[in-house]
Amino acid sequence: MTFEVDVERRLNHFKIQVRFTSDAPITALFGRSGAGKTSLINMISGLLRPARGRIVVDGRVLFDDKQRIDVPPRKRRIGYIFQEARLFPHLTVYQNLLYGRWFTPSDKRYVDEDKVIALLDIAHLLNRRPAGLSGGEKQRVAIGRALLASPRLLLMDEPLASLDAAHKSDILCYIERLSAQMLIPIVYVSHSIEEITRLAHTLVVVSKGKVAAAGALSEITSRLDLQPLLGRYEAGAVIATCIVAHDERFGLTRLAFSGGELRAPRISMPLGATVRVHIRARDVAIALDARAGLSIQNVLPARIVEITHESGPYAEVRLDVNGAPLLARITKRSVHDLGLACGCAVFALIKSIALDRHSLGLPPAINHRPQVARGDV
């Protein structure tokens, strides 16, 4: 399913002018607070009217100022999940779930009630009221309510913002599962690189009301010119890998990708499962040769593609690891002392312990797996 967004709207002294197209299962809108992300999805949902533009979802025009089309929110069949669950306090969980269905014609309903309840694991909550639910349970019910409206598109505006770490992890699992099983495209708004790394296929970076970049997640996250917008601390490359072996003795897992293999702390997933790895630039060192005696488990042959110098002592280095992008953040002195330049053959050094639980995530679709042999370490 493809959706097109080309909108413009001035809000006081702030102007939003955004254009992008996506057919990805999950499209992430990423940017700092105040970048215009929420205003943008409010236009998609119909809660905010653009001054100019066009919005098309699954071939249906929802807004077109030239054709004078502006479909009311209730008829757009777009599910919207806010930062807070916004459940009706006087209704039970079950009544809240069914609320969205009341506005969907019976011939347009394609989502099965029992499937949604099972998917979100909320059967035991059906007779309770929102006041007795935890934050994570409320968000699961809110997701279920949106799904039962049989939407063409699901909008999620920072749905984890009000949750603690444990509940965030739980909701991420449910979002992955519903994307894979329900096949409803999602627009996911966040300023968390960890969430984006785990969920997104397409990444749209929004800055000051405009699209700074849009494209495949791995492509956008590895661009040096976007690091100020993505955040220096968490900046890095995202690589899709496949679990090929577990080392039970030392508690490690081997992950294969086009550039070789990575060793990470033991991942409780079966062989053949696909895992995204977010390798932060600050966790990558560069060497001119791969000498024996290193404690670092991940030593990958690479070629320098680009070097940019920041203000201060640091430099950003973009590496090509047999077709896979990798970023390294090192000192300018290291660039000078090693004689680094574009085209140089080097080795990228990555500590296994740097690939912690915050760096690893399951993508929602696992049908694009590297073709590698499986076995024991």
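Me: What is the mean pLDDT of the chain?
Reply: This is a predicted model. The chain averages a pLDDT of 88. Of its residues, 95% reach 70 or more.

Me: And where is the pLDDT below 50?
Reply: Over residues 362–377. That stretch still has 42 contacts in the model, beyond near neighbours in sequence.

Me: New topic. How many cavities of 30 Å³ or more turn up?
Reply: One, from a search of the whole structure. The volume of the largest cavity is about 40 Å³.

Me: Which residues line the largest cavity?
Reply: Ile193, Thr197, Thr221, Leu230, Glu234, Gly236, Val238 and His278. By class, three lining residues are nonpolar, four are polar and one is charged.

Me: Which elements supply at least two residues each to that lining?
Reply: Helix H6 (193–199) and strand E12 (236–247).

Me: Now helix H1. How many of its residues are buried?
Reply: Eight of the nine residues in H1, which spans residues 37–45. So the helix is largely enclosed by the rest of the structure.

Me: Which ones are buried in H1?
Reply: Lys37, Ser39, Leu40, Ile41, Asn42, Met43, Ile44 and Ser45.

Me: What comes just after H1?
Reply: Gly46, with a positive phi of about 100°.

Me: On to strands. How many bridges join E1 to E4?
Reply: Six. E1 covers residues 3–11, E4 covers residues 52–57, and the two run antiparallel. Within that pairing, Glu8 has Arg52 of E4 as its bridge partner.

Me: Which sense do E4 and E5 pair in, parallel or antiparallel?
Reply: Antiparallel, over four bridges, with E5 at residues 60–64. Val56 sits opposite Val61 in E5.

Me: What about the hairpin of E4 and E5?
Reply: Two residues lie between the strands. In this hairpin Asp58 has a positive phi near 55°.

Me: How many residues are between E13 and E14?
Reply: Two, and these strands form a hairpin. E13 (residues 252–257) and E14 (residues 260–265) run antiparallel, joined by six bridges. Leu255 is opposite Leu262 in E14.

Me: Where does Asn12 lie?
Reply: In the loop between E1 and strand E2 (14–22).

Me: Why does Asn12 count as exposed?
Reply: Because its relative accessibility is 72%, and exposed means over 50%.

Me: Where is Leu183?
Reply: In the loop between helix H5 (165–182) and strand E9 (186–190). Leu183 counts as exposed too, at 68% relative accessibility.

Me: Last one, Ser134. Where is its place?
Reply: In the loop between helix H3 (113–119) and helix H4 (135–147).

Me: Why is Ser134 called partly exposed?
Reply: Because its relative accessible area is 25%. Buried means under 20% and exposed over 50%, with partly exposed in between.

Me: How far apart are Ser134 and Arg9 in space?
Reply: They are 37 Å apart, C-alpha to C-alpha. In sequence, Ser134 and Arg9 are 125 residues apart.

Key:
Residues numbered from 1 in each chain as written. Predicted model: local features only at pLDDT ≥ 70, side-chain atom pairs only at ≥ 80, totals over all residues. Heavy atoms only, no water. 1 Å grid on protein atoms, 1.4 Å probe; cavity = no way out; pocket = protein on both sides within 12 Å on 5 of 7 lines; lining within 4 Å. Points joined across faces, edges and corners; volume = space filled by probe spheres on them. Nonpolar A, V, L, I, M, F, W, Y, C, P; charged D, E, K, R; others polar. Pairing = 2+ DSSP bridges. pLDDT = per-residue confidence, 0-100. Contact = heavy atoms within 4.5 Å. Buried < 20%, exposed > 50% of the residue type's maximum accessible area, 1.4 Å probe, protein only.
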